[in-house]
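Thanks for coming, everyone. Let me put the structure up, and then we'll walk through it.

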Amino acid sequence: MANILVVDDELGIRDLLSEILNDEGHSVDLAENATQARAARLSSNYDLVLLDIWMPDTDGVSLLKEWASAGQLTMPVIMMSGHATIDTAVESTRIGAFSFLEKPITLQKLLKAVEQGLARSSAQATSAPGHAPAETGSAAAQIETSHHHAMSSTVRVAAEAGPEQHQGFDLDRPLREARDGFEKAYFEFHLAREGGSMTRVAEKTGLERTHLYRKLRQLGVDLGRNKRG
């Protein structure tokens, strides 16, 4: 689990990124502007920061410069924007940003960028004074191996003690009601099998994450029931 700070002035984006990252097992703090981001950075050490460029008080590039000048840029920072130019992205990287994500951000690009950023953070931590260097392989390879093992364990547990796949349905009902009953059972089955991870359920069912959330709420599915503790 990593400590991640999400800085964005749009509530919808903050909530969506927070839900995705929480589903991946990370601890997420939120800031809606540079003022809150400064306070969060002073009070906590983060493994990664997702930083929006266009904000109402201070833009993300200026905040990145502040952190770099003050020696506070000790974590990978991924810049985000829907209107930035190539020059802005290049400038951010020159200052010290790890990478740049263009909005709207797809689930795959977000998770890949976060994974790569955390691999960099892990590599920096192991190379710091007082830490022994990794014995074999890169930090990214070790994270990938760990993720593979975790997923394998999840699959084994689901296979051994997963939810019942054979459901009974009352077909003597109007089509809409019968269909809603089937879809609710379908999504509850996959949520239980994936331990409540919306990310993996979205991938498994082939739905965009935002559409999946709307569908589950429409069907009255309890989103917290299958969460792993």
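Accessible areas here come from the Shrake-Rupley method with a 1.4 Å probe, and for residues only the protein chains shown count as cover. On that basis the chain exposes about 13,100 Å². Carbon and sulfur atoms supply 51% of that area.

Some ground rules. This is a predicted model, so local features need pLDDT of at least 70, side-chain atom pairs count only at pLDDT 80 or more, and totals for chains, interfaces and linings use all residues. Residues are numbered from 1 along each chain as its sequence is written, and side-chain values use heavy atoms, with hydrogens and water left out.

Now confidence. pLDDT is the predictor's confidence in each residue, from 0 to 100. The chain averages 79. At least 70 is the score for 77% of the residues. Where is confidence lowest, and where is it highest? It is lowest in helix H6, residues 139-161, at a mean of 36. It is highest in E1, at 98. Over residues 130-162 the pLDDT is below 50. Beyond near neighbours in sequence, that stretch has 20 contacts in the model. A contact means heavy atoms within 4.5 Å.

Next, the layout. Helices (H or I, at least four residues) and strands (E, at least two) are DSSP runs, numbered from the N terminus. The chain has 9 helices and 5 strands. From the N terminus, the order is β-α-β-α-β-α-β-α-β-α-α-α-α-α. Take the contacts with a separation of 6 or more: 62% of them join residues 24 or more positions apart.

How much of the chain is buried? Buried means under 20% relative accessible area, exposed over 50%, and partly exposed in between, with a 1.4 Å probe and protein chains only. Of the 229 residues, 37% are buried.

On to salt bridges. One of these is a side-chain nitrogen of Lys or Arg within 4 Å of a carboxyl oxygen of Asp or Glu. The structure holds 5. Start with aspartate 8 and lysine 103, whose closest N and O atoms are 2.7 Å apart. Aspartate 8 sits in the loop between strand E1 (3-7) and helix H1 (11-23), and lysine 103 in the loop between strand E5 (99-102) and helix H5 (107-127), so this bridge ties together parts 95 residues apart in sequence.

Lysine 103 also has a salt bridge with aspartate 52, at 3.1 Å, N to O. That pair is 51 residues apart, with aspartate 52 in strand E3, residues 48-52. Lysine 103 counts as buried because its relative accessibility is 16%. Aspartate 52 is at 3%, so it counts as buried too.

Another bridge joins arginine 200 and glutamate 194, at 3.4 Å, N to O. Arginine 200 is buried, at 16%. Glutamate 194 is buried, at 12%.

Last, a pocket. On a 1 Å grid over the protein atoms alone, a pocket is an open set of points where a 1.4 Å probe fits, with protein on both sides within 12 Å along at least five of seven lines; lining residues have an atom within 4 Å of a point. Grid points are joined across faces, edges and corners, and a volume is the space filled by probe spheres set on the points. The second largest pocket holds about 330 Å³. It is lined by 15 residues, and Leu16, Pro104, Ile105, Thr106 and Leu107 are the closest to its centre. Which element gives the largest share of the lining? H1 does, with 5 residues.
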